[in-house]
There are 2 protein chains.
Amino acid sequence: MPDELPSLDYRFATQPSLPGKGLAPEDIADCELSTAALEGLRRRIQAGEVGFTRLAYDQTTPRSIASFARDARFQNFLLIGIGGSSLGAQALLAALKPWYHNWVAGRRGARFFVLDNVDADLVERTLSMLKPRDTLVNVVSKSGTTAETAANFMIVRRWLIRSLGNKFARHVVATTDPEKGELRALAREEGFATFPVPSDVGGRFSVLTAVGLLPAHFMGVSIRQLLSGARAMAELGLSQALPGNLPLLSALILYRFRTRGRSTQVFMPYASNLQAFADWYRQLWAESLGKKVDRSGRVVNAGQALLSSIGTIDQHSQVQLLREGPDDKIVFFLDVKRPGRQVRIPRDLQKYPSSAYLGGRTLTELMRAERRATEIALASDERPSMSISIPRVDAFSIGALIMFFELQTAFAGEMLGINAYDQPGVEEGKLNTFALMGRPGYDERRTALARYE
Amino acid sequence: MPDELPSLDYRFATQPSLPGKGLAPEDIADCELSTAALEGLRRRIQAGEVGFTRLAYDQTTPRSIASFARDARFQNFLLIGIGGSSLGAQALLAALKPWYHNWVAGRRGARFFVLDNVDADLVERTLSMLKPRDTLVNVVSKSGTTAETAANFMIVRRWLIRSLGNKFARHVVATTDPEKGELRALAREEGFATFPVPSDVGGRFSVLTAVGLLPAHFMGVSIRQLLSGARAMAELGLSQALPGNLPLLSALILYRFRTRGRSTQVFMPYASNLQAFADWYRQLWAESLGKKVDRSGRVVNAGQALLSSIGTIDQHSQVQLLREGPDDKIVFFLDVKRPGRQVRIPRDLQKYPSSAYLGGRTLTELMRAERRATEIALASDERPSMSISIPRVDAFSIGALIMFFELQTAFAGEMLGINAYDQPGVEEGKLNTFALMGRPGYDERRTALARYE
């Protein structure tokens, strides 16, 4: 049986299940908007402007990762990166490795640690768990100039040198721009192994480059399966029309609701190990679409906030607001049909009505009933939702989901007419940080900021 | 020196820093709305309707917890609960215990595990990490009828019995309603130790009852310090007028922005160990204020979504959207002035401009500069924000913050004229779950739901 691709259930986003506020058949049919989005993305890919779909077909990077890993055997893998340089690897670890991976004997793959913040406690406590000689440090920064990554790497580099002397460079692998940037120059000078982040792939679209695949391989995640899932979804998403083109269809549904005032998307996977995946998607969606101007320069303040939740947990935290609060959201559920394990609830406590009905059922049956119960409850208040289902949380499905959400984001960017691949709004804060930290060349800005002290 | 209470900096929410969209002095001055909110809450407290502020003064619960803990020495503390029954304890653990608490030798306090979801992988992997004889199981449900908690407890109870036989009850402590409910009845029948959740304290306001304090004590967190911080804030919040009454002031600021169309609050602590605290606050704020009708029965669909973010991480994930996307948010930063540790960045790599300026500075200086840089960047686009500062992340400050956010939520509920203490919108989903799981008595609903299969 070939691996099963995700499926999309949008009945609670459409009429007649949602009679008043649901989308009509013509809203989600093949149309000029959807055709233009598909053609627009294809054109950007052909023009070499957008590279993320190509990654699913790349055989060079997996080969060089495998070759590098054969000679680099370490007990610990320490990733230094932030935002798009760490969220993807964290999502893969949480989804695809067992709970408590780092802490069990007989684990498959290295232990995985991340320094994704300039947090003194985090940095000091993490280093105290590791011995330099057992640790491979992966410093990840596409530009090579990210302040947080530079600061943490300077600390970790010194920690390595203190213990290993001039052999420390064998414990460092840098993932950065293939040619440019200070991290590339430093890697040349100090002799670090390196992996490239292709110049046509932005940070938040980079999980299927070495940014995500190198840590994945060291943790023992199958790159081959990941890319196989991504490839299957890329083929679907770049060739088919509606309704078979699932990422294009979900982009269109989200676009329709966005233009009807729904400024927040609630992404709610029913699986505790997809929390980090939700955070990865949150960056992808929010940073790609949150744009002041469209491609013609018109001020649009586009974008949609993404509130990540976990079912069933956040039924007890967010559903009250979702059902009764401001009607400005669309909920996107993720359903896992057949998880790896079945845990059966024993037939005990039969005289207690709140327990008795659960006896003999599995946790998965309860989990799936809760999701269904919640989408129906939302629909009964005319609050729209849709669901994506995967057969199980494995490398193939996660690869497919990664490509699904990347394509959906790219299509939504085309529909909104914005550039989904830049982040001009982050620049101002970076310059302010340089000024406040006394970086040479920023004196004028520093003087201007002094009035806020 | 007495412990220092949090402080509030709201200049970037007000004129003149935010000339166009900032609040005017009269918007945040003592007014009928703020006075009525303060008096309203005081009245509910006196009427015995609202109990959360009283918890800061409770000496009975801490004493009975200490007494119970003297005879119950366990290596592992396993909490079974969901929503308000687990988020508080998880926030305390993450904030107040060192990173990797469970995994280091010489830890102070028990190891802490949580089953907060009916997730088969989570449940099975967690139990595989524990031995029944070393484990105290704390089952927490105010109503005693929560499906997820019942299901997980049935599994864990059987796991205990298989190994310990009829001595298993010594390994169970139930936190539930003092009189009513099936968990209370079961505890009586099986002889579990119990702690009460007072009937005038709802789940999301219950972290300072045994719901949060029992796990805190077992983990080695100082209950005395927590309550001392909470008490100091309760005294401020129930006695003072504006502008000294910080929770009342922040409630008013958030209310003003809410009525001007800002339907999302972004809560962004600059400390990685406050992620779980942000999730606790997210439930408190969203579930308390997200209400369809006000106290007079008028349909208002009140409430504000809470998007929790962590600085600096989410500068690289959310700030693009916050600066350039829809202008419908207010950002609430949390700043830690002097964390426990100082980690200095070495003066290396001086020929690399992106590293050189960081040499000699501390991670905390960089963290605080980043927050300041971000609030100024937001203000330059007329995007409002405010900041709460704490001296450090310790039990006193966390206790003070818990009471701060609870009071702020209660005041905002008064201003909105809604009942901040119920959750009617969760009921429908619960009934649907009963029906889908075949609970006796729900046949009619089950038939009605069959059309969605």
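Analyst: In chain B, the axes of helix H1 (residues 32-46) and helix H14 come within 9 Å of each other and cross at roughly 115°. Helices here are DSSP runs of H or I with at least four residues, strands are runs of E with at least two, and both are numbered from the N terminus. Axes are lines fitted to C-alpha atoms, for helices over the stretch in contact, and angles between N-to-C directions run from 0 to 180 degrees. This is a predicted model, in which local features need pLDDT of at least 70 and side-chain atom pairs count only at pLDDT 80 or more, while totals for chains, interfaces and linings use all residues. Residues are numbered from 1 along each chain as its sequence is written, and chains are lettered from A and ligands numbered from 1 in the order in which they are written.

From H1(B), the residues B:Leu33, B:Ala36, B:Ala37, B:Gly40 and B:Leu41 meet B:Ala410, B:Phe411, B:Glu414 and B:Met415 of H14(B); contact requires C-beta atoms, placed from the backbone, to lie within 7 Å. These contact residues divide into seven nonpolar, one polar and one charged. The classes are Ala, Val, Leu, Ile, Met, Phe, Trp, Tyr, Cys and Pro as nonpolar, Asp, Glu, Lys and Arg as charged, and the others, Gly among them, as polar.

H14(B), residues 395-416, also packs with helix H10 (residues 275-289) of chain B, where the axes come within 10 Å and cross at roughly 15°. That angle makes H10(B) roughly parallel to H14(B) (under 35 degrees; over 145 is roughly antiparallel, 65 to 115 roughly perpendicular, the rest oblique). This crossing, too, is described as right-handed. On the H10(B) side the residues are B:Tyr281, B:Leu284, B:Trp285, B:Ser288 and B:Leu289, and they meet B:Phe405, B:Glu406, B:Thr409, B:Ala412, B:Gly413 and B:Leu416 of H14(B). By class, that contact has seven nonpolar, three polar and one charged residues.

Next come the sheets. In chain B, five strands form an open sheet with the order E1-E10-E9-E7-E8 and mixed pairing; strands pair if DSSP finds at least two bridges between them. The twist from one strand to the next averages 20°. Within this sheet, E7 (residues 264-269) and E9 (residues 329-336) of chain B pair in the parallel sense over six bridges, and B:Met268 stands opposite B:Phe333 in E9(B). Helix H13 (residues 363-380) of chain B lies across E9 and E10 (385-390), running at about 160° to E9(B).

Chain A has an open sheet of five strands in the order E3-E2-E4-E5-E6, with parallel pairing. E3 (111-115) and E6 (193-196) of chain A stand at its edges with a single partner strand each, so one side of each has no neighbour in the sheet. In this sheet the twist averages 20° from one strand to the next. Helix H6 (residues 182-190) of chain A packs on the sheet by touching E4, E5 and E6, and its direction makes about 150° with that of E5(A).

Between the chains, the contact takes 104 residues from chain A and 104 residues from chain B. Helix H13 (residues 363-380) of chain A gives the most to the side of chain A that touches chain B, with twelve residues. That side has 46 nonpolar, 34 polar and 24 charged residues. Of the interface residues of chain A, 100% are also interface residues in chain B, so the copies meet through the same surface.

Chain A can be laid on chain B with an RMSD of 0.0 Å by a turn of 180° and a shift of 0.0 Å along the axis. That is the relation of a two-fold axis, with copies superposed by least squares on the C-alpha atoms of residues with pLDDT of at least 70 in both. The C-alpha of chain A nearest the axis belongs to A:Leu307, 3.0 Å from it.

Some backbone details remain. The peptide bond from A:Gln15 to A:Pro16 is cis, with omega near 5°, and A:Pro16 lies in the loop between E1 (7-9) and H1 (32-46) of chain A. Likewise cis is the bond from A:Leu242 to A:Pro243, with omega near 0°; A:Pro243 lies in the loop between H8 (223-239) and H9 (246-259) of chain A.

Terms used
Two residues are in contact if their C-beta atoms, placed from the backbone, lie within 7 Å. A crossing is left-handed if the near helix is turned anticlockwise from the far one by less than a right angle, and right-handed if clockwise.
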